[in-house]
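This report covers the fold of one chain and the way the chains touch.

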Amino acid sequence: MQFFIEIVISGILSGLMYSLVALGFVLIFKASGVLNFAQGAMVYSAALAVVGFIDYGLPMWLAVIAAFIFMVIVGICTEKFVLGKLVNQPPITLFMATIGLSFFLDGLSPILFGNEVRPIDLGIVDEPIQSVMELTGIGISKLDLFSSGIIILLVILLALLFQYTKVGRALRAVADDHQAALSLGIPLENIWAIVWAIAGFVALVAGLLWGSRNGVQFALSLTALKALPVLILGGFTSVPGAIVGGIIIGVSEKLAEIYIPPVLQDAFGGNFGGIEGWFPYIFALVFLLVRPEGLFGEKHIDRV
Amino acid sequence: MLYREAGQFKTSYKSDSQIFPILQDRIGMVILIAIAAIGVPLFASEYWLNAILIPFLIFSLAALGLNFLTGYAGQLSLGSAAFMAIGAYATYNFQLRIEGIPFPISFLLGGLSAAFVGVLFGLPSLRIKGFYLAVATLAAQFFVVWCLTKFPWFSNNSSSGVISAQTLSLFGFTFDTPASKYLLVLVIVSGLALLGKNLVRSSTGRSWMAVRDMDVAAEVIGIPLMKTKLLAFAISSFYCGIAGALYAYCYLGSVEPDGFSLDMSFKILFMVIIGGVGSILGNFLGAAFILLLPIFLDIALPFISQILHLPIPSSVVSHIQLMVFGSLIIFFLIVEPHGLARLWQISKEKLRLWPFPH
Amino acid sequence: MNKAVNSLTFPKLLLKHANAIPKRPAYREKYLGIWQVTSWEQNLDDIKKLASGLASLGFKRGMNLAIIGDNRPKLYQAMVAAQSLGGVPVPLYQDAVAAEMIHVLNDAAISFAIVEDQEQVDKLLEIKDQIPTLSTIIYEDPKGLNDYVQSFLHSVKQVQLLGEVFSKEHPEFFNTELEEGKATDLSVILYTSGTTGKPKGVAHTHQNFIRAGQNSSEFDKLNYKDNILAYLPMAWVGDHLFSFAQAMVTGLTVNCPESKETVMADMREIGPSYYFAPPRIFESLLTQVTIRMEDAGAFKRKLFELAMAHSKKVGSDILDGKPVGFLDRLKYAFYNLTIYAPLRNALGMSKIRVAYTAGEAIGPDLFRFYRSVGVNLKQFYGQTETCAYVCLQPDGQVKYDSVGIAAPGIEIKLADSGEVLVKGVSVMDSYYMRPDATAESIDANGYFHTGDAGILDKDGHLRIIDRAKDVGKMGNGKLFAPKYIENKLKFFPFIKEAVVFGDGKDSIMTFINIDFDAIANWAERRHIPFAGYIDLASKAEVYKMIGECIDKVNVDLADDPVLSHAQIARFLVLHKELDPDDGELTRTRKVRRGFIAEKYAPLLDALYAGKTEQFIETKVKFEDGRDGSISATVRIQDAKSTAEHA
Amino acid sequence: MTSRTTQDKDTVLKLENISLSFGGVNALTNISFDVKEHEIRSIIGPNGAGKSSMLNVINGVYHPQAGSIYFRGEKRKQMNPAQAARQGIARTFQNIALFKGMTVLDNIMTGRNTQMKSGFISNAIWVGKARDEEELNRQKVEEVIDFLEIQHIRKTPVGKLPYGLQKRVELARALAAEPSLLLLDEPMAGMNVEEKQDMCRFILEVNQQYGVTTVLIEHDMGVVMDISDRVVVLDYGKKIGDGLPDDVKNNPEVISAYLGTNH
């Protein structure tokens, strides 16, 4: 039982990490209808930028700011030179363009910031919290907890931004209706640029947290693949969806990883690890067949 | 300029609906085939056959497969490599487990197995569209590769799922020399390409494109969406499957599941995009482009670094490759969404109108 | 030989080909997206059914069969069908308005008419009660005619079905009727568009057209492998000679385009080996070429210019087989690969062995252009009354200003008045039901008076200067040949039509009709804004440019020993396009000078009165047949005259 | 090719108390009318009156919550558009729904897909069955092309065509299916006068030559009154008039409905 809870909790915590990446997708999708496959590459680039700037001799805090600026530039360039040139194209084309973008970033960042694996030290060690351990015997990584805290903070922050700032209103308006957004007197290009900047920031946070966990390496770029099932589950347009979806995926894949392989081993023999590589997808896929619009996504009828 | 079309009139729908309605094109095609079938085996070096021409043909076939699904039926898939893997492993097992089965049969069965799995993973396409579906196809990519790695049966209990292809022989003739393998691949690929061309210019192809361009209208016309989409998935996967089998048997010789990675799927997608969505020729152009580009870079970059006097480490070369790929994709999507095939078509039109500009 | 010829008729030629080359295509018609082929045996079968059907409807020997429509195999077949029953086909101009048809239909006492489609049927219905004899109308294309209930309307299909039944009952009928035909029977009645007065029916015998066809085919070595594009009015003698007589004689294939709009495209597909077009078509083709080339890239344009320059230099010599230096031949071969051949291909002229032009004089530059890029373009001379067969230009001795030598079987001589007189195989039998007119034009010695004034040069080449009657005297008693001047004017690409006046006057005046497309393009390139035809025609820039053309002509005339005095004094640019529908041109686009002089009297007077502008209102017929009128104030300008050298 | 003069007036289509709503919003409320063999039946009404929804119900794109549809006498179960098409119902769309990536010819050929039986394998092999079938249908399609006078654009991609021609091609695609019931959704919207005249001519000729029963939605009152045999008037999803053009024209309710909206 205890073991089970521990799995669930660690599932929730790592799920939140997925949500964080998924969040980046959602932001951009809401505002510009683009499924930004490059979000993962952005996480990778952001993390690389941080360590890169540190290698160039900047202090941590400055490196982070520099990295953020870098991400903003990336975002703006993307808007200007890629998506800006693809307006009125079918979404699938934009999606493929972002695949191209992710390749580009995966190539560019290592050239700028070096490609050898480096750690990020947030000053929190990745070890179980003693008190909880003694009390319940359940191990909860400080780092994970800390990360979760950050993520929740970030979500609240975004929520506030969306609710109470002019930009935020514009962003929400853009989501439903471009004309309405224009009426707020903010040109779409700028709005999208802002969105990309925010997405860049989210990527940066994700990069820091993941990086501090298992070092800055190309694997970060693949976090996108973790986020995609989350999106399907939670719907492309819903922030809460991303959070809940992340948690569900996190927990389910951890459970699957623990409980399925033994069964298979009994049946076929051999080793059946690495289930979390595909489980979220199959899980999401099955879910899709039941509820095509996702958890929180809204249904739509095509008119003739 | 070389075209002399005056006097080439059509007196039947047969002749009007030929693949190459213009005489000069037919001549050109014959010459091309002659070169590919006779000239190349005679004169091409082993390196060219093994390292360039054979993979070129195989990937052209895979791209063709994906093009049916994405270019013609409009269903984006990111799992092509997985279906190649199925083709390879299925063929391997049929060869392995059925005594004395002629390899064309096991190739066919391999393709069919891929088609079957393709249909399974295509089922969601009935309820979900666009990148929902694209994401769903990733499921195939990961799940299939995992299964092949983890279930020892598939690889006949070899470690980490590596299989080494049996040598192919038919009527006592064994395909062991590069030239013979090349010819085998050439025959299969061009054969399937022809069938594919027929398919896309027939009612099947039209219903695919109808679904792609406007599915509601297509249904109103009487095209059953489900049947059409699933057929696209099946045929697409079949072609990828065959490509996979060739990949294992005529190119690498021994393969492991991880060889059929997501990167490979993307590579094939890029071939389609750069070559030309919705074009048969495009797949060949795209494959050639994507395969030759790295080779070109490997040659060009050191050369450039010499001129600029800045050393370029090999890791950077590979990264530059990624950048070039990425930017090319974006470039083509923006500038020429129909890829090299369209460029070819345009220049051909120019030749036909010569000396006039339009 | 004579015996054979004397009994030879077109239906018998049909039988001959149906036996000799049954599988060869007699007709191709672009329909439903492909070229539908009618083999010679099929052709015979169709004609047999059609003829029998006509017979069962009461069509008899001696009757005339009106044929109205675009060039369609069925309509050509109708001609032979009528002939095989001993009847006479009477093709009418399909674009004539109903009213214009009344005279012809009555003059030929038409009771049966075969027409193409609803449009023509409607025309006939409109005028039916003014044509007492008209009893039966047969149409080819049933589209839109379903709910026409009139009992005298039949579709060709229905008639052919009748024919099948009929020939079952009378199996020998068709052949016996056909055998009765004699070479001296009338084979066709072609109505002259007649620059003046009502059209006259020109009646030709089988022998006339068969001989003209045979001789001209031998002259150019035509055979059953040749292809021709039939796109000019079936009522026009030229089409009857090329697409009917020569086709029936040699068995060559007649190709019918899909529609008026697609003629050029269809020509490109068919790539005829034998081609006729009036000068204006060659002209508009050339204009298109130049316009299209102007948009080409610098390299292509340069290459094109070089190629053109070289072709001017040696092109026609090479075509005429005259000696040309090796280097020049090499260059020509190169340009042929890069420019000439692609150009011919784009124009659909790749396969042309012989191309003819006639009807109007053709500009020397225009003529040379086609010959020098390897199109064997030649001129011939003839009238409706002579099966369009009097003079031909033999390969190798082509002069742009002559119409060639007397054709085989033809004898020509010049009257003192300079009028060209013709005697020989192709001279008509008579004007239909007009012995008086016949007597006027065919004299006791059997010479036909062409009404053209001409000159024979030393190698016996005929050069036409004008209509004999138009060759008038000016006030000062000197020679006045308006057509000669008009042609010189029309050789300028910007001038579409020109009408020259001066008979009995002391000075020569000119109406100019601009070529709208060419000038509009010219104006756009110079950023000259204009609103429509009238505005463009009155632009000062246009007047300036036309003025220059006219000055050039005057310079040219000054060199001519005979006509140096006949220079243009003043001119104006007409505010409307001269149009057959308004009676200003004949259906073959010859200007009707007298009619125009009356219609535009105010302008003419203004010219002579020395005014600098004149208001005029003119009636016009719009495409949809409505009448209307347009008015404008037309500017008038003086021309520079050049001192006489002679 | 039954001509107008010999037409039998039995009912092709009968709709009884059809009601349709999207998430509570009523698009159609309790509408009944019928369509007789060979007639041109027009549905008119102000924007948002539910005209297009009506067509979508008839060919199975939408499924009404209430009411029943009788097609050729028998009550129709819920069916999807594809089935409706196979029963001989073809239609055009308000905003053009051509297949942009294909040529005119291919678009129209696609219209005949229901008639084409050969499977994908024989299609791939091509020679023989598939090709013969292809030719047979090409012939039919060419007849339609000839009928609608679009020979000159046969092989142009539809995307390149002007609006008016696209509308005509869409009609061609519908005709190619040799339908027994033809649904036209504002075939003349946004056309200039000549284009409208042509379209009118074609609709009438289709109706006469092929005796195709036609249900027509059109804004241009003049046109509707000219060419239709009977007219149904909708307003806010309710039927407010039904009958001969003249009756409808003088129906006060109809007049007010039209005065109420800017037309």
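How many helices and strands does chain B have? Chain B has 14 helices and four strands, where helices (H or I, at least four residues) and strands (E, at least two) are DSSP runs numbered from the N terminus. Its radius of gyration is 21 Å, close to the 21 Å that the globule rule gives for 358 residues, so chain B is as compact as a globular protein of that length. The radius is taken over C-alpha atoms, and the rule is 2.2 Å times the number of residues to the power 0.38.

The model is predicted: local features need pLDDT of at least 70 and side-chain atom pairs count only at pLDDT 80 or more, while totals for chains, interfaces and linings use all residues. Residues are numbered from 1 along each chain as its sequence is written, and chains are lettered from A and ligands numbered from 1 in the order in which they are written.

Of the 358 residues in chain B, 50% are buried (20 or more other C-beta atoms within 10 Å of the residue's own, with C-beta atoms placed from the backbone).

Among the five pairs of chains that touch, chains A and B have the most contacts (C-beta atoms, placed from the backbone, within 7 Å). Here 38 residues of chain A are in contact with 35 residues of chain B. H4(A) gives the largest share of the chain A side, 16 residues. By contrast, chains A and C do not touch, and their nearest C-alpha atoms are 28 Å apart.

The helices of chain A that each supply at least two residues to the side touching chain B are listed here.

| Helix of chain A | Residues |
|---|---|
| H4 | 91-113 |
| H10 | 223-234 |
| H12 | 279-290 |

Methods. A residue is buried if 20 or more other C-beta atoms lie within 10 Å of its own, exposed if 12 or fewer, and partly exposed in between; C-beta atoms are placed from the backbone. Two residues are in contact if their C-beta atoms, placed from the backbone, lie within 7 Å.
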